[in-house]
Amino acid sequence: MKTFDGGNNWEPQTTNSDNNILSIHFFNPLQGWAAGGTYLTQEQSTILRTSDGGKNWITCNRITSQVLTAGSFIDPDTGWVVGDLASILKYSGAPDINNHPPGVTNPRKFCVFEDSLFTFTAKAFDIEGDPVTFAFYDYPVWLIPADNTISGNPPKGAADTSFVVVASDGEMSDTVTVSVTIKTVNKAPVITNISDFTMLNTEEYAIQLDSCACDENDLCETLCWQVTSSDTNLKVNLNNRIVKFSAPHWTGVADVKFRVMDPENAADSVKVTATVVNPTQIEKDNKIPVTWSLNQNYPNPFNARTVIRYGLPEKELVRLSVYNLKGELVEKLIDKDMPAGYHDFIWNADRFASGVYFYQIQAGQFVRTKKLLLIK
Ligand SMILES: [Ca+2]
Ligand SMILES: [Ca+2]
């Protein structure tokens, strides 16, 4: 029986001898001797030797008819055996001087991408044309040996590794170490969270870029951003992965291009529309609407201040309130009679935490609720 794991598991080994094995001696993991004999037919000895860790055994020339009960060997060729009738014999194993070990012919170095299949099929040359068997040792858990191949997918983040191949012709063997270098696959960053925005020209509009892109194998801190505006009136100030837009005294629409690049120059980019508005101009719009309305606030998301527009076809008692996600009242903005027309309420959310809020209007029978997002 043979163990590979310190004795927890044992595997049966076979020889082509019918005789009893009474003594075994290994002097390295591959090369060993077994001695024994049988009384059944006639007294006779057996000496076996292996050079592949016990997978294959060769019967050596018989040197005595006595059954051998113990043996001691000092190298692959020299040993002593003792047996019945006080025999002590020195054995000089007469190796087949015409045999030569097989030689593994595979390359010794491989490079493989993580998450792609690696297969190694062992090959060897034996000058006598002996049949060669292979065994694998010291391989990582992701490699599975089967006959003369070993294969598997290196998992993400796997370390460089190696394994041992032993090629044996049954008597002599070749042992080589094969190294495997694992290459990581770079993934480009992906912009996930940047869309068209509207901003007031009276204040800066800021975007924290770390939350706007993800990269499977690079940290946010290592990503490099570029932000450009198609109109010089919309100024861009990018510092420490926070971009701030400002456009004092200007109203209009500009294209803004965001580009993000990882340390290996893999990049993603997106172009969005920035609308810059002047809140005081909006208040002067004095058309009378034909229906009740509650517009989406702008800018949204917003930092500190945002404009909520609603329309009344006639004079009405208006209640405008902001609620949090739990439905609790955060602030009552309006609770009074308002004349017909469009109205803009500028909500200053300075003292509230970042997050999702709901604003609701009640004007007579008209009730509407919309969501807004405060990001500080
Ligand atoms: Ca050979
Ligand atoms: Ca990357």
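Let's start with the domains: the assignment for this chain gives domain 1 (20-92), domain 2 (103-183), domain 3 (190-277) and domain 4 (287-374). Those bounds come from an automatic or database domain assignment. Between the centres of domain 2 and domain 3, taken over C-alpha atoms, there are 50 Å.

A quick word on what we have on screen. This is a predicted model, in which local features need pLDDT of at least 70 and side-chain atom pairs count only at pLDDT 80 or more, while totals for chains, interfaces and linings use all residues. Residues are numbered from 1 along each chain as its sequence is written, and chains are lettered from A and ligands numbered from 1 in the order in which they are written.

Now the overall shape. The C-alpha trace spans about 125 × 45 × 30 Å along its principal axes. You will find one helix and 32 strands. Helices (H or I, at least four residues) and strands (E, at least two) are DSSP runs, numbered from the N terminus.

How much of the chain is buried? Of the 376 residues, 24% count as buried. Here a residue is buried if 20 or more other C-beta atoms lie within 10 Å of its own, exposed if 12 or fewer, and partly exposed in between, with C-beta atoms placed from the backbone.

Let's zoom in on strand 23, residues 242-246.

Which residue in the turn of the hairpin has a positive phi? Strands 22 and 23 form that hairpin with two residues between them, and Asn240 in the turn has a positive phi of about 60°. Arg241 has a positive phi too, of about 65°, although it is not a glycine. As background, most residues other than glycine have a negative phi, and most peptide bonds are trans. Asn240 counts as exposed because it has 9 C-beta neighbours inside 10 Å. Arg241 has 18 other C-beta atoms within 10 Å, so Arg241 is partly exposed.

Back to Phe245, which takes us inside. In the largest nonpolar core, of 19 residues, Met199, Leu234, Phe245 and Ala274 touch the most other members. A nonpolar core means a set of buried Ala, Val, Leu, Ile, Met, Phe, Trp, Tyr and Cys residues joined through C-beta atoms within 7 Å. Strand 18 (197-200), strand 19, strand 23, strand 24 (252-261) and strand 25 (267-277) each supply at least two residues of this core, and strand 24 gives the most, with four. Leaving aside neighbours within four places in sequence, Phe245 is in contact with residues including Met199, Tyr205, Leu234 and Ala274; contact means that the C-beta atoms, placed from the backbone, lie within 7 Å.

Elsewhere, three strands form an open antiparallel sheet in the order 10-14-13. Its edge strands are strand 10 (118-121) and strand 13 (144-146), each pairing on one side only. Strand 13 meets strand 14 (residues 149-152) over three bridges, and Ile144 has Ser151 as its bridge partner.

Two more stops. Val322 sits in strand 28 (residues 316-323) and is partly exposed, because 19 other C-beta atoms lie within 10 Å. Lys332, in strand 29 (residues 329-338), is exposed, with 10 other C-beta atoms within 10 Å.

Last, some cis peptide bonds. One joins Tyr298 and Pro299, with omega about -10°, and another joins Asn300 and Pro301, with omega about 0°. Pro299 is in the loop between strand 26 (293-294) and strand 27 (305-312), and Pro301 is in the loop between strand 26 and strand 27 as well.

Methods. Pairing = 2+ DSSP bridges. Contact = placed C-beta atoms within 7 Å.
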